[in-house]
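Thank you all for coming.

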Amino acid sequence: RQTEALAEIDAEISDAEAAWDRMLEIGDLTRAIDSSHTLQTYFQHRYLPEKACRCWRLAVSKLEALAGRQGCVEADRLLRLSLMLAHLSVWFYYAGIPEPLTLLRRSLTLLDDPALAGRDLRLQRAMILWAVANSTQDPDAARQVLEQCLALARSCGDRWLEGQLTWHLGV
């Protein structure tokens, strides 16, 4: 029955992808980005890095095109763009596409934009740094980044992230 269920999900996910693409086409980025976790989870469990890269590239290009547009709240656009770049970098890593760190650095840079001044972005920063650590080839450098993540997770009280990071650090 499990094989049949997976085949059914595979057939239906194309409808979800089409709906997601349509949301991006018509500019309904809030719903598209908020629902991206469904596709992210599916791509992850079925290990479909090429499909994931296509979706996140589309989201990134749509978010980039919104820069300076009337009616677009720049801070929200920047936060969503930072998130999508981080997602895309993870899939670049899985797909063997070079330079996921370039996307992650860009994602972190967006969090420093003046439009986001005054917002508590510790959790977002920690999650992006965690991806940086996972994409870093040097174990000592990765450990330093994980320790930064752990400090951020503790400072914002995220017990789940703290647990994940202590497990990665072997603490």
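Let me start with Y47, which counts as partly exposed because its relative accessibility is 46%, on a scale where buried means under 20% relative accessible area, exposed means over 50%, and partly exposed lies in between, all with a 1.4 Å probe and protein chains only. Please keep in mind that this is a predicted model, in which local features need pLDDT of at least 70 and side-chain atom pairs count only at pLDDT 80 or more, whereas totals for chains, interfaces and linings use all residues. Residues are numbered from 1 along each chain as its sequence is written, and side-chain values use heavy atoms, with hydrogens and water left out.

Y47 sits in the loop between α3 (36-46) and α4, where the helices are DSSP runs of H or I with at least four residues, strands are runs of E with at least two, and both are numbered from the N terminus. Although Y47 is not a glycine, its phi is positive, at about 50 degrees. As background, most residues other than glycine have a negative phi. A positive phi is also found at E99, likewise not a glycine, with a value of about 70 degrees. E99 belongs to the loop between α5 and α6, and at 49% relative accessibility E99 counts as partly exposed.

Y47 also takes part in a surface feature, for together with Y93 and Y94 it makes a nonpolar patch of about 330 Å². A patch here is made of residues with over 30% relative accessible area and no salt bridge, with like charges joined within 9 Å and nonpolar side chains (Val, Leu, Ile, Met, Phe, Trp, Tyr) joined within 5 Å, and the accessible areas come from the Shrake-Rupley method with a 1.4 Å probe, only the protein chains shown counting as cover for residues. Of these tyrosines, Y94 lies in helix α5 and is partly exposed, with 36% relative accessibility.

Y93 leads us on to helix α7, since S135, which is found in that helix, is in contact with Y93, P100, L101 and L104 once its neighbours within four places in sequence are left aside; contact means heavy atoms within 4.5 Å. S135 counts as buried, at 9% relative accessibility. What else in α7 is buried? The buried residues of α7 are A126, I128, L129, W130, A131, V132, A133 and S135, and what covers them includes α5, α6, α8 (139-155) and α9 (159-169). As for the geometry of α7, its 14 residues should span 20 Å at 1.5 Å a residue, and its end C-alpha atoms are 20 Å apart, which agrees; the expected span is 1.5 Å times one less than the number of residues.

Now to the charged pairs. How many salt bridges does the structure hold? There are 10 of them, a salt bridge being a side-chain nitrogen of Lys or Arg within 4 Å of a carboxyl oxygen of Asp or Glu. One of these joins the side chains of R54 and E17, at 3.5 Å from N to O, and this pair links distant parts of the chain, with R54 in helix α4 (residues 49-65) and E17 in helix α1 (residues 2-25), 37 residues apart. R54 is partly exposed at 36%, whereas E17 is buried at 7%, and a network of salt bridges links E17, K51 and R54.

A second pair is E74 with R77, whose closest N and O atoms are 2.7 Å apart. Being 3 residues apart in helix α5 (residues 74-95), these two are separated by about one helical turn. The side chains of D76 and R119 also meet in a salt bridge, at 3.7 Å from N to O; D76 lies in helix α5 and R119 in the loop between α6 (100-111) and α7 (122-135), so this pair ties together parts that are 43 residues apart in sequence.

Finally, the cysteines. The structure holds 0 disulfides, a disulfide being a pair of cysteine sulfur atoms within 2.5 Å. C53 is in none, and the nearest cysteine sulfur, that of C55, is 9.7 Å away; C53 counts as buried, at 2% relative accessibility. C149 is likewise in no disulfide, the nearest cysteine sulfur, that of C156, being 11 Å away, and C149 is buried, with a relative accessible area of 0%.
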